[in-house]
Amino acid sequence: MNDFRFLHPIEVRYGDLDPQGHVNNAKYVTYFETGRIQYKRHLGTFEVGQSFLEIGLIMADLQITFHAPIMWGSTVKVGVRTTKLGNKSLHVEQCIIDSESGALYATGKVVLVTYDYHAGKSIRIPDEMRAKISEFEGL
């Protein structure tokens, strides 16, 4: 998973575990979401304190493949990369890896749609967002 230019550390909390003693499957979605928010902050398209209504992205599709269970005490990172920019949507790939060994816990694909929450409709990807993603990812 060395081809992810952005990796964000995630703390595996005791409360993330299910009765089997590993991270509950639903938490992977939360880990991915945290990674995407931090990716947006890294790119400069979202700031702390900014209204979530101004993010302008909604999830249209999510697919996760689980490769190995994450146990409490594991140190993990979430990788995020944009692989395709459409007119109104972007395709994002994600991974969760062990911070120390690089072992793969999960991979995922997300389709995000740029959205105007006030107007209640999808919009074209803003030029500034497109430029920042393109520059970072080499798209």
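Reader: Which order do the elements of the protein chain follow from the N terminus on?

Author: The model is a predicted one. Its protein chain holds 2 helices and 6 strands. Read from the N terminus on, these elements run β-α-β-β-β-β-β-α.

Reader: Why is the protein chain said to be as compact as a globular protein of its length?

Author: The C-alpha atoms of the protein chain fill a box of roughly 45 × 30 × 25 Å along the principal axes. For 139 residues the globule rule gives 14 Å, and the protein chain comes close to this, so it is as compact as a globular protein of that length, with a radius of gyration of 15 Å.

Reader: What percentage of the contacts with a separation of 6 or more joins residues 24 or more positions apart?

Author: Of the 139 residues in the protein chain, 39% count as buried. Among contacts with a separation of 6 or more, those between residues 24 or more positions apart account for 65%.

Reader: Which element gives the largest share of the largest nonpolar core?

Author: The largest nonpolar core has 30 residues, and Tyr31, Ile70, Leu90 and Ile96 have the most contacts inside it. Two or more residues of this core come from each of β1 (6-11), α1, β3 (75-85), β4 (89-98), β5 and α2. The largest share, 6 residues, is given by α1.

Reader: Which residues does Leu90 touch, leaving aside those up to four places away in sequence?

Author: Leu90 is one of the residues with the most contacts inside the largest nonpolar core. Leu90 also belongs to the lining of the largest cavity. Leaving aside residues up to four places away in sequence, Leu90 touches Leu57, Thr82, Lys84, Leu85, Val110, Val111, Leu112, Thr114, Ile125 and Ile133.

Reader: How many residues of the lining of the largest cavity come from α1?

Author: The count comes to 1 cavity of 30 Å³ or more, and about 90 Å³ of space lies in the largest cavity. Its lining consists of Arg36, Tyr39, Lys40, Leu43, Thr45, Leu57, Leu90, Val92, Leu112, Met129 and Ile133. The elements giving two or more residues to this lining are α1, β4 and α2. The largest share comes from α1, with 4 residues.

Reader: How many nonpolar, polar and charged residues does the lining of the largest cavity have?

Author: Leu57, Val92 and Met129 are among the residues of this lining, as are Thr45 and Lys40. Divided by class, the lining of the largest cavity has 8 nonpolar, 1 polar and 2 charged residues.

Reader: Which residues lie nearest the centre of the largest pocket?

Author: The largest pocket has a volume of about 300 Å³. At least two residues of its lining are supplied by each of β5 (104-116) and α2 (127-137). By class, its lining has 8 nonpolar, 6 polar and 6 charged residues. Of the 20 residues that line it, those nearest its centre are Thr45, Gln50, Glu54, Ile55 and Met129.

Reader: Which element gives the most to the lining of the second largest pocket?

Author: The second largest pocket has a volume of about 220 Å³. Glu33, Arg36, Ile37, Lys40, Phe52, Ile55, Leu57, Ile58, Met59, Leu112 and Tyr117 line it, and these divide into 8 nonpolar, no polar and 3 charged residues. At least two residues of the lining are supplied by each of α1 (25-43) and β2 (57-66). The element that gives the most, with 4 residues, is α1.

Reader: Is Arg5 buried or exposed?

Author: Arg5 is found in the segment before β1. Not counting residues up to four places away in sequence, Arg5 touches Glu135, Phe136 and Glu137. The cut-off for exposed is over 50% relative accessible area. Because its relative accessible area is 54%, Arg5 counts as exposed.

Reader: Is Tyr105 buried or exposed?

Author: Tyr105 has its place in strand β5. Leaving aside residues up to four places away in sequence, Tyr105 touches residues including Tyr28, Phe66, Pro69, Ile70, Val76 and Ile96. Buried means under 20% relative accessible area. Because its relative accessibility is 9%, Tyr105 counts as buried.

Reader: What separates the C-alpha atoms of Tyr105 and Cys95 in space?

Author: Tyr105 and Cys95 lie 10 residues apart in sequence. In space, from C-alpha to C-alpha, they are separated by 7.5 Å.

Notes:
Residues numbered from 1 in each chain as written. Predicted model: local features only at pLDDT ≥ 70, side-chain atom pairs only at ≥ 80, totals over all residues. Heavy atoms only, no water. 1 Å grid on protein atoms, 1.4 Å probe; cavity = no way out; pocket = protein on both sides within 12 Å on 5 of 7 lines; lining within 4 Å. Points joined across faces, edges and corners; volume = space filled by probe spheres on them. Nonpolar A, V, L, I, M, F, W, Y, C, P; charged D, E, K, R; others polar. Core = buried A, V, L, I, M, F, W, Y, C linked by side-chain atoms within 4.5 Å. Buried < 20%, exposed > 50% of the residue type's maximum accessible area, 1.4 Å probe, protein only. Contact = heavy atoms within 4.5 Å. Rg over C-alpha atoms; globule rule 2.2 N^0.38 Å.
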